[in-house]
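Open the model in your viewer and keep the selection tool at hand. This tour moves from one selection to the next.

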2 protein chains.
Amino acid sequence: MIKIGVVGAGSIGLLFAAYMHKLFDVTVYTRSLGQAEQINRNGIRLVKGAGPLTAKVRAEVLGANEMDNDLTIVAVKQYQLDSVIFHLPANGGLLFLQNGMGHLKLLDQLKADDIYVGSVEHGALKEAPDTVSHNGAGLTRVAVFRGDPWLLEKVASLLPGNFPMEIEPDYYEMLAGKLAVNAVINPLTAVLGVRNGELVDNPRYEKVLEKMFEEVARILDFHDKQERLLKVKGICRNTSENRSSMLKDLDAGRPTEVDAILGYLLDKASSKGLAAPLLGAFYEMIKGREWTGRVNR
Amino acid sequence: MIKIGVVGAGSIGLLFAAYMHKLFDVTVYTRSLGQAEQINRNGIRLVKGAGPLTAKVRAEVLGANEMDNDLTIVAVKQYQLDSVIFHLPANGGLLFLQNGMGHLKLLDQLKADDIYVGSVEHGALKEAPDTVSHNGAGLTRVAVFRGDPWLLEKVASLLPGNFPMEIEPDYYEMLAGKLAVNAVINPLTAVLGVRNGELVDNPRYEKVLEKMFEEVARILDFHDKQERLLKVKGICRNTSENRSSMLKDLDAGRPTEVDAILGYLLDKASSKGLAAPLLGAFYEMIKGREWTGRVNR
């Protein structure tokens, strides 16, 4: 049986462990001993439409033992990566599930031969240290960052049909495409306080969307700019009634992912000597709203 | 008695006519015959703290007769100027009270010797064709655009103490200074939905304010940039509890003055070949909110 390690027991880590435990030999690596004990005692409770299931998986504190897995899935937030990266094994494959592209520079420094990156399109909420609710069925897109795809292909072929994994040909395209979408839709909807669809239904907002996309496209060096812009607009239309995660985070007074999204792009712009005035202003406005949210709490 | 003409019977025109009627021989020029008849019949009702007064002034439709005044005060909105300008007399002084600076290019084409511009810092609301409420006491700043200041000085010296007029040495400074303040505080508060003070209390918003001011300062060619920026921030602090006129207009679903403010600056930027990405984006966002307001009505 293929041995899978899952580093990080947040919503995404718990979701992967729960869906993979029947077909793989799964170990979850937690930050706290308490959470590891709780998962070892109760298993992971997976809450979804059809009713809750319990997945009996093994858990241990990250760093307690040497890892020995065929594939290690790294499911921590991007800003937590620094604190887990030196625990990762040099043997076996690694799959990184962080948002944005800020983590790519870290991957170059790793010794593992086979490194993969992924982008998770599931909705999941951690309700307790041993409970995750799967409230938005989607899929996981993955791609080879370095090395051989065989392990990824093997894992993808074994996964259950209600938890699919799609292999994309180009990791940069995959992550850059998602970043461009997030960098435009999230900040604009969050600052304007509107649903995704209004960015294309309102011709004035659409102009601002285009200007922001222009800055993103220059920073990420897109050659198929027009096609990608149409895709961003298509997503606004297809998710027209949705409130973006950044808008929801701000309304709930939670921190947003603006650093992994606009922060990354602004760093990249600055290292390339490119101006990105709109991305800069939206970054500050989102940060300003986060600040207000904290102060008013 | 000095003869004063007031062109335009909106809130500012009615306010000037009402305060000036005792000390000057005032004629109000209206657009509609109905309003002229109503004012001739009832006078102008001036509503303020101490209770309402009635000012008996003469009114007539603009263009019905040749004007023959010592000073003609033009109190229409900037976008109405085109339709009244050919009625203005070539003799006597002219005082223009429009917001922004878009009207200055029109003034060059006039034949009158003495042309003045002013900036009104009163709060006034037209409640009926013959009624104006003076709900924010302030002052009128004026300056010579072309010609001799004697008429302005004479009028200023005769005005009552509760309706003061202050003569500024440099019209460009006066109007550009006010435009810079409006171009930064109005759009930012309107898009962020905050009171004036939050633009300096929130360090992230303050950064965006500085970037916007930077664009304004380059377009208006300010040499004392730092001093003016401090002044803008000082106004945010002094009016910290105020909701800007643009924020109020948007919330009430009314059109804003964004064209006279940001529209003017964007035209000027484009004619000078300067980029103004933030002013452009805020212009579109305000226009977008106006559009939403109209659609939802």
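Start where chain A and chain B touch. This is a predicted model. The contact draws 22 residues from chain A and 22 residues from chain B. Together the chains bury about 1,900 Å² between them, and carbon and sulfur atoms give 65% of that area. Now select A:Arg204, A:Glu284 and A:Met285. In chain A these residues lose the most area to chain B, together 29% of what that side buries.

**Across the interface**

Next, colour the helices of chain A. α12(A) gives the most, with 12 residues. By type, the residues of that side of chain A divide into 12 nonpolar, 3 polar and 7 charged.

**Two copies**

Superpose chain A on chain B. A rotation of 180 degrees with 0.1 Å of shift along its axis does it, at an RMSD of 0.1 Å. The two copies are thus related as by a two-fold rotation axis. Of the interface residues of chain A, 100% are also interface residues in chain B, so the copies meet through the same surface.

**Salt bridges within the chains**

Widen the view. The whole structure holds 32 salt bridges over all chains.

Select A:Asp68 and A:Lys3. They form a salt bridge of 3.2 Å, N to O. A:Asp68 sits in the loop between β5 (58-61) and β6 (71-74), A:Lys3 in strand β1 (residues 3-7), 65 residues apart. A:Asp68 is partly exposed at 48% relative accessible area. A:Lys3 is partly exposed too, at 28%.

Go back to α12 and pick A:Lys287 with A:Asp259. Here the salt bridge is 2.6 Å, N to O. A:Asp259 belongs to helix α11 (residues 258-272), 28 residues apart from its partner in α12. Which of the two is buried? A:Lys287 is, at 13% relative accessibility, whereas A:Asp259 is partly exposed at 39%.

Switch to chain B. B:Lys233 and B:Glu210 form a salt bridge, with the closest N and O atoms 2.6 Å apart. B:Lys233 lies in helix α9 and B:Glu210 in helix α8, so the pair ties together parts 23 residues apart in sequence. B:Lys233 is buried, at 10%. B:Glu210 is partly exposed, at 31%.

Last stop: select A:Glu121, A:Arg141, A:Glu166 and A:Glu168. A network of salt bridges links them.

Methods:
Residues are numbered from 1 along each chain as its sequence is written. Chains are lettered from A and ligands numbered from 1 in the order in which they are written. This is a predicted model: local features need pLDDT of at least 70, side-chain atom pairs count only at pLDDT 80 or more; totals for chains, interfaces and linings use all residues. Side-chain values use heavy atoms; hydrogens and water are left out. Contact means heavy atoms within 4.5 Å. Buried area is the accessible area (1.4 Å probe) that two parts lose on being put together, summed over both. Helices (H or I, at least four residues) and strands (E, at least two) are DSSP runs, numbered from the N terminus. Ala, Val, Leu, Ile, Met, Phe, Trp, Tyr, Cys and Pro count as nonpolar, Asp, Glu, Lys and Arg as charged, and the others, Gly among them, as polar. Copies are superposed by least squares on the C-alpha atoms of residues with pLDDT of at least 70 in both. A salt bridge is a side-chain nitrogen of Lys or Arg within 4 Å of a carboxyl oxygen of Asp or Glu. Buried means under 20% relative accessible area, exposed over 50%, partly exposed in between (1.4 Å probe, protein chains only).
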